Amino acid sequence: MRSYKEKSFQAITYITALTTIVLLMGIIYSLFREGIPLFGKVDVRSFLFTNSWYPTHAEPEFGAWALISGSLIVTVGALVIGIPLGLGSAIFISEIASGRMKEIAKPVIELLAGIPSVVYGLFGMAFLAPLIRQWFHLDTGLNVFSASVILGVMIVPIIASMSEDALSNVPKSIREASLALGSTKIECIFKAVIPAARSGIIGSILLGFGRAIGETMVVLMVSGGSAQIPRNIFASARPLTSTIAAEMGETVMGDLHYQSLFALAILLFAITFITNLITELVFLKRSFR
Amino acid sequence: MVNSRINTENLNLWFGKNHVLHDVNLSIYDKKVTAMIGPSGCGKSTLLRCFNRMNDLIPETRIEGRIMLGEKDIYAPKTDITKIRAKVGMVFQKPNPFPKSIFNNVAFGLAIQGKYSKCDIHSRVEESLKAAWLWDEVKDRLHSSAMALSGGQQQRLCIARALANSPEVLLLDEPTSALDPQSTAKIEELCLELKKSVSILIVTHNIAQAGRISDYTAFMYLGQLVEFGKTEAVFTVPGDKRTEAYLTGVFG
């Protein structure tokens, strides 16, 4: 009887794992099935690198460079804001804060990760954008800058929490070694502890990058939405994700526009897949050390 | 007459309400090896860590009395702890190299002081590695990771790293307890060589080791310095019954 239970439990877990993999493979398969046919009609190079996204014109054009650059700029902006805030918090929690403060600060920062992205978007639209518009005397506050700020704050908990784990995992003996050689506390943190936690910190940044570039709701709501290469940080942008979300409703199943959105999805998938792969490799390297 | 390098005067230490060290008066003599022995938990390592103020890291530590390094009271209010720690090097129980290259491990103390040229650092690293008897084993791979070295080599790297700061005193906290007998023998021999230029204070659980390498022996028991004197004297005619009992293995 017990061995029967054992076997059936094993079978159930096996089936659930298999189901998950099959579902994921199915998603990837359909992504490629719907998206690849576009490249029969549109050159891959011109899809990636020309700058004219007019999918609904009589003679449609599918140059996604403006969307790609929109995604990249907003994501880089998010990292510019998220990395210092996240790393700073991680260093504070792991190295500076005393017991009580530590116990409070870490869960609070991790709580930020639990806020739904649409709430971030709402906040950006209702409070941040008007503020940015006033401060910088702009026509609209819905732009790259606002989107970067909101996305940056969104990825802070990822970077802070993972980096904090990495820093806390550096053995006490490393800190002692550094201090005993006459380093100050700051030198100990920057010359001994952070280098020892490097792979974990890089992993956290890559994960933050993946989160930011894949985020849809915030950029849809806050980045402005014009399909042009942003000329400066106060220009409007239309990242890949919000393009897919905004335009999918207008398409006819199977037409070029429909296919082009799947092609954008393939691109997005490729970017996040490669990022995750690199993250895995970074961690793998660490576990072998 | 030998000069003392470090003198403690009525040193008392508390961790919170726990009175750990009681009225310790100990001298560490210049260019000699002093061994501290005693049962686990008797305060040897705590006393050792007073000499480079590593106990400062433990919250609620309170110290009374003085520790003089030469003419300076290292617990005087305006003391620059980093300078004390550069002058009083320390090697820990478990080898703790940084996950950096061999070169950067040894250069660490010099690099953070920021007053040495690249050229100086290079020659000091080489000197220190030679002084720690590691140079011949690593000279061809200075820039590979220190983590790839064997335990004994790592411990000698830690000694080299401490020596690079040109310390006056070297504190060794059970430096061989994590090592195999061969590596242990090498570090013991190294201590005898190093004492030509630096005063050494070594905490050890290994009584035979204390007998082999030390000039002076301090026996500690329950936070008190029970006996201190020349090693031959302490080992042959212990002045205190507790010392005799410990040395003969009645307790430990």
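Trp133(B) counts as partly exposed, with 18 C-beta neighbours inside 10 Å. The scale here runs from buried (20 or more other C-beta atoms within 10 Å of a residue's own) to exposed (12 or fewer), with partly exposed in between, and the C-beta atoms are placed from the backbone. This is a predicted model, so local features need pLDDT of at least 70 and side-chain atom pairs count only at pLDDT 80 or more, while totals for chains, interfaces and linings use all residues. Residues are numbered from 1 along each chain as its sequence is written, and chains are lettered from A and ligands numbered from 1 in the order in which they are written.

Back to the tryptophan. Trp133(B) sits in the loop between helix 4 (118-131) and helix 5 (135-138) of chain B. Most residues other than glycine have a negative phi.

Glu60(B) has a positive phi as well, near 65°, and is not a glycine either. Its loop is the one between helix 1 (44-50) and strand 5 (61-69) of chain B. Glu60(B) counts as exposed, because it has 9 C-beta neighbours inside 10 Å.

**The chains overall**

| Chain | Secondary structure | Buried residues | C-alpha span along principal axes |
|---|---|---|---|
| Chain A | 13 helices and two strands | 42% of 289 residues | about 75 × 70 × 35 Å |
| Chain B | ten helices and eleven strands | 46% of 252 residues | about 55 × 45 × 35 Å |

A compact globule of 252 residues would come out near 18 Å, and chain B has 18 Å, so the two agree.

In chain B, residues 24 or more positions apart account for 69% of the contacts with a separation of 6 or more. In chain A, 72% of the contacts between residues at least 6 apart in sequence join residues at least 24 apart.

**A covered strand in chain B**

Strand 4 (residues 33-37) of chain B is largely enclosed by the rest of the structure, because five of its five residues are buried. Both faces are covered, with Val33(B), Ala35(B) and Ile37(B) on one side and Thr34(B) and Met36(B) on the other.

Which strands does it pair with, pairing being at least two DSSP bridges between two strands? One partner is strand 9 (residues 199-203) of chain B, parallel and with four bridges; here Met36(B) stands opposite Val203(B). Strand 10 (residues 216-221) of chain B also runs parallel to strand 4 and is joined to it by four bridges. In that pairing, Ala35(B) has Thr217(B) as its bridge partner.

**Helices 5 and 7 of chain A**

Over in chain A, helix 5 (residues 99-112) and helix 7 (residues 144-168) have axes that come within 7 Å and cross at roughly 145°. The axes are lines fitted to C-alpha atoms over the stretch in contact, and angles run from 0 to 180 degrees between N-to-C directions. The crossing is left-handed, meaning that the near helix is turned anticlockwise from the far one by less than a right angle (clockwise would be right-handed).

On the helix 5 side, Lys106(A), Ile109(A), Glu110(A) and Leu112(A) meet Val156(A), Pro157(A), Ala160(A), Ser161(A) and Glu164(A) of helix 7. By class, that makes five nonpolar, one polar and three charged residues. Nonpolar covers Ala, Val, Leu, Ile, Met, Phe, Trp, Tyr, Cys and Pro; charged covers Asp, Glu, Lys and Arg; the others, Gly among them, are polar.

Glu110(A) is worth a click. It is partly exposed, with 14 other C-beta atoms within 10 Å. Leaving aside neighbours within four places in sequence, Glu110(A) is in contact with Pro157(A) and Ser161(A). Its C-alpha lies 16 Å from that of Arg100(A), ten residues away along the chain.

**Where the chains touch**

Finally, 16 residues of chain A are in contact with 19 residues of chain B. On the chain A side, helix 8 (172-180) and helix 9 (185-196) each supply at least two residues. Helix 8 gives the largest share, six residues. By class, this side of chain A has eight nonpolar, four polar and four charged residues.

Note on methods
Contact = placed C-beta atoms within 7 Å. Pairing = 2+ DSSP bridges. Rg over C-alpha atoms; globule rule 2.2 N^0.38 Å.
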